Amino acid sequence: MWRPVADAAPGSGIGGAVHALLGTVAGVKKVAVLDYGSGNLRSAERALSRVGADVIVTSDFDTAFEADGLVVPGVGAFAACMDGLRAVDGPKLIGRRLAGSRPVLGICVGMQILFDRGVEHGQDAEGCGEWPGVVEQLQAPVLPHMGWNTVEVPEGSVLFDGLADERFYFVHSYGVRDFPLGREGVTGRLKPPMVTWAEHGDRFVAGVENGALAATQFHPEKSGDAGAQLLTNWLNTLS
């Protein structure tokens, strides 16, 4: 039974939106939320369940690999998240899923660890290396960046379909400020990632769509109606 979301935006009307969204997912998708000791696991589980997914929170490699979709949440320090991820063989799990075009969605630090490196408090930690780039402190007058913000959605986005003018909930002090693969005019053998940007005294990556791999710096599970729609859009990419 649906229950109200306590941390939804005031006046968001999420109840009606979620009821409407439940019918828009094409079939029930099995989604694993990876438990590696860091992340809003239950919030992600509830948000995905409310938009029609069959969700399991797990640290089991085979269960997470076999799911239609894998969600990698994350909160806290980059290095600590990577330590937890390695403890459950997360980098290998993510790599194997992507090699088989099996969708993965990273959230917050779960997005950051997909890049090459993270530099926090003088500590330079290695990430999963799925994308080139460095996670570093934002050059902003007020940190952390906490609250609702608009994003710059690229034309043709599937993840942000119908959400170009919406706001999403961010809580972070670090981000990717330069993403070479996402620059306009970059060409190569492979199609470049589709990048969504945001600003908070500094410009940073707010979302990436790259084949089976997608990620958001913000928390869709805390972003009310807009977050529910984004998760629905992602579920509809699962086969």
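A: Two strands pair if DSSP finds at least two bridges between them. Helices (H or I, at least four residues) and strands (E, at least two) are DSSP runs, numbered from the N terminus. The model is predicted, so that local features need pLDDT of at least 70 and side-chain atom pairs count only at pLDDT 80 or more, whereas totals for chains, interfaces and linings use all residues. Residues are numbered from 1 along each chain as its sequence is written, and side-chain values use heavy atoms, with hydrogens and water left out.

In strand β2, D54 stands opposite K30. Strand β1 (residues 30–34) runs parallel to β2, and 5 bridges join the two. Both belong to an open sheet of 7 strands with mixed pairing, in the order β2-β1-β3-β4-β13-β12-β11. The edges are formed by β2 (54–58) and β11 (194–199); each has a single partner strand, so one side of each is left without a neighbour in the sheet. On average, neighbouring strands of this sheet are turned by 20° against each other, direction ignored.

Helix α2 packs on this sheet and touches β1, β2 and β3 (69–72), where contact means heavy atoms within 4.5 Å. The direction of α2 makes about 165° with that of β2; angles run from 0 to 180 degrees between N-to-C directions, and axes are lines fitted to C-alpha atoms, for helices over the stretch in contact. Within α2 (residues 41–50), the buried residues are L41, S43, A44, A47, L48 and R50, buried being under 20% relative accessible area, exposed over 50% and partly exposed in between (1.4 Å probe, protein chains only). S43 has a relative accessible area of 15%. Not counting residues up to four places away in sequence, S43 touches E221 and K222. After α2 comes G52, with a positive phi near 105°.

Helix α5 lies across β1, β3, β4 (104–107) and β13 (213–216), and runs at about 145° to β3. Helix α5 (residues 90–99) also packs against helix α4 (residues 78–87), at an angle of about 75° and with their axes 6 Å apart. The helices α4 and α5 are therefore roughly perpendicular to each other (angles of 65 to 115 degrees; under 35 counts as roughly parallel, over 145 as roughly antiparallel and the rest as oblique). In this contact, M82, L85 and R86 of α4 meet G90, P91 and I94 of α5. The residues of the contact divide into 4 nonpolar, 1 polar and 1 charged, where Ala, Val, Leu, Ile, Met, Phe, Trp, Tyr, Cys and Pro count as nonpolar, Asp, Glu, Lys and Arg as charged, and the others, Gly among them, as polar.
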